[in-house]
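Reader: I would like to learn how to read contacts between aromatic rings. Could you walk me through them?

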Amino acid sequence: MSFTADRLLLFGATGDLAQRMLLPSLFALDADGLLAPDLKIIGTARSEMTDGEYRNFARAALEKYLPADRRGRMAEFMNRLAYQTLDATTLEGYADLAAKVGTPQRGLAIFLSTAPSLFGPTIKGLQSAGLTGENVRMCLEKPLGTDLASSREINDAVAGAFPESRIFRIDHYLGKETVQNLLALRFANIMFEPLWNAAHIDHVQITVAETVGLEGRVAFYDDAGAIRDMVQNHMLQLLALVAMEPPAHFDATAVRDEKVKVLRALRKVASNETVTGQYRAGAIGGQAVPGYDEELGKPSDTETFVAIKAHVDNWRWKGVPFYLRTGKRMPKRVTEIVIQFRCVPHSIFAGRGATMQPNRLVIGIQPEENITLSLMAKVPGLDREGLRLRAVPLNIAMPDAFSGAVRRIAYERLLLDLVEGDQTLFVRRDEVEAQWEWVDAIRGQWAADGLTPRTYTAGSWGPSAAIALAERDGVTWHE
């Protein structure tokens with residue numbers, strides 16, 4: 001059922017995500033006139049607050065996380081906000097919450113940003129208060145479980161109250177401009193699609209590198225590790241977008257159908273195709289930083305780095321390795337996709353002093369949003385040795401190409417789609433389960449082999465074994 005909601009209910013409305021991302025995103029949408037004038041935003045959490053106190057809380061968050069030049073229309077946005085205290089674990093408070101929400105004229109969108117252990121009790125509470133009807137849609141923030149079994153428990157609980165057509169599972173990477181631009185690059189331009197296959201692409205690299213350590217996520221991260229925190233969701237979604245077949249339409253069903261085909265085609269990973277690591281003390285940007293055990297305050301076998309050589313076993317990608325790499329305390333913060341094309345089959349410039357390099361397409365997702373295509377070109381001038389060639393980049397820097405465009409928080413796109421009911425950039429249940437099935441198999445192999453993380457120095461690109469993982473195939477990580 002399609003509708004534009006006129007009520008948005010935020011669970012976890014006083015949490016870190018709400019302060020850093022949700023409130024600034026909703027404020028930006030309001031400031032740009034993208035929210036319906038009658039949309040009311042109701043926050044709920046355990047904290048005891050009145051409407052006025054919550055508005056002051058929201059104002060402080062916006063002043064902290066928004067640049068000064070983006071803080072106009074503050075009073076108008078505050079008028080949208082209301083608040084209801086709620087203990088999500090007991091049914092008693094949900095009637096008061098329903099009264100606060102009122103009767104939507106068009107519909108209600110719920111954003112659930114709580115601990116996964118609260119998903120089940122929250123769904124029961126919403127059902128008891130009549131807040132799961134046909135004009136209600138549910139958005140779930142990760143983590144959706146810690147493995148396939150726990151993920152199914154959560155999804156079963158939500159499915160007991162909402163059909164799949166009204167469930168919106170967030171992966172915030174899908175809201176990033178450059179991730180969406182990957183779809184435009186592939187399916188709005190004829191030049192790449194004939195080359196987008198095993199005949200022309202040698203390998204693909206996907207890197208998600210962070211300079212930070214635990215950053216206040218101690219309990220969650222030590223339980224999750226790099227593979228569950230990054231690979232199971234963000235990195236597999238990026239891989240699926242790179243490898244998917246062209247969908248018939250740009251809509252939720254067609255796009256997600258093609259992504260899940262890729263996830264189901266992922267080959268089981270062998271033991272020698274993964275490397276795990278954990279950072280020890282080192283330096284980032286010239287500043288000394290502690291090791292993981294020191295930050296955690298105790299010894300741990302949790303991996304803060306993982307590299308995987310993956311394969312998609314279908315006609316388009318058979319034999320093309322996908323190298324995935326993610327880690328904390330890396331030398332720089334970067335998320336990028338590298339498409340490495342094959343060398344030309346025959347060089348007419350051989351023996352004339354020319355050094356050939358294969359073409360490379362680099363899609364930068366963060367912190368810089370850009371697309372770079374490396375091409376061979378003649379170096380200007382005369383040379384007795386013959387024609388000198390060099391790889392030169394064709395750059396599309398998004399801020400330059402679209403000067404004046406406002407740089408958006410990924411949650412702006414996703415919250416707007418939630419309110420308006422577009423599921424295209426959200427993750428379907430069968431995608432989540434295919435991702436968990438693949439990751440669980442890797443973790444099971446680690447446990448069976450007794451694998452523990454290798455150490456690497458903070459400020460490096462991970463264990464040397466990760467370099468060897470690629471170099472034994474003649475591949476060098478793009479840095």
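Reader: How many aromatic pairs does the structure hold?

Author: There are 11 aromatic pairs in this predicted model. Rings of Phe, Tyr and Trp (its six-membered ring) pair if their centres lie within 6.5 Å; planes under 30 degrees apart count as stacked, over 60 as edge-to-face and the rest as tilted. Phe27 and Phe77 make an edge-to-face pair, with 5.5 Å centre to centre and 90 degrees between the planes.

Reader: Which parts does the pair of Phe27 and Phe77 tie together?

Author: Helices (H or I, at least four residues) and strands (E, at least two) are DSSP runs, numbered from the N terminus. Phe27 lies in helix 1 (residues 16-31) and Phe77 in helix 3 (residues 74-78), so their pairing ties together parts 50 residues apart in sequence.

Reader: Are Phe27 and Phe77 buried or exposed?

Author: Buried means under 20% relative accessible area, exposed over 50%, partly exposed in between (1.4 Å probe, protein chains only). Both Phe27 and Phe77 are buried. Another edge-to-face pair joins Phe168 and Phe426, at 5.0 Å centre to centre and 80 degrees between the planes. Phe168 and Phe426 are buried too.

Reader: Which residues form one aromatic cluster?

Author: Tyr221, Tyr279, Tyr292, Phe305 and Tyr456 do.

Reader: What sits over the ring of Phe3?

Author: A charge sits over a ring if NZ of Lys or CZ of Arg is within 6 Å of the ring centre and within 35 degrees of the ring normal. Here the charged end of Arg137 is over the Phe3 ring, 3.8 Å from its centre.

Reader: What should I know about the numbering and the model?

Author: Residues are numbered from 1 along each chain as its sequence is written. In this predicted model local features need pLDDT of at least 70, side-chain atom pairs count only at pLDDT 80 or more, totals for chains, interfaces and linings use all residues, and side-chain values use heavy atoms, with hydrogens and water left out.
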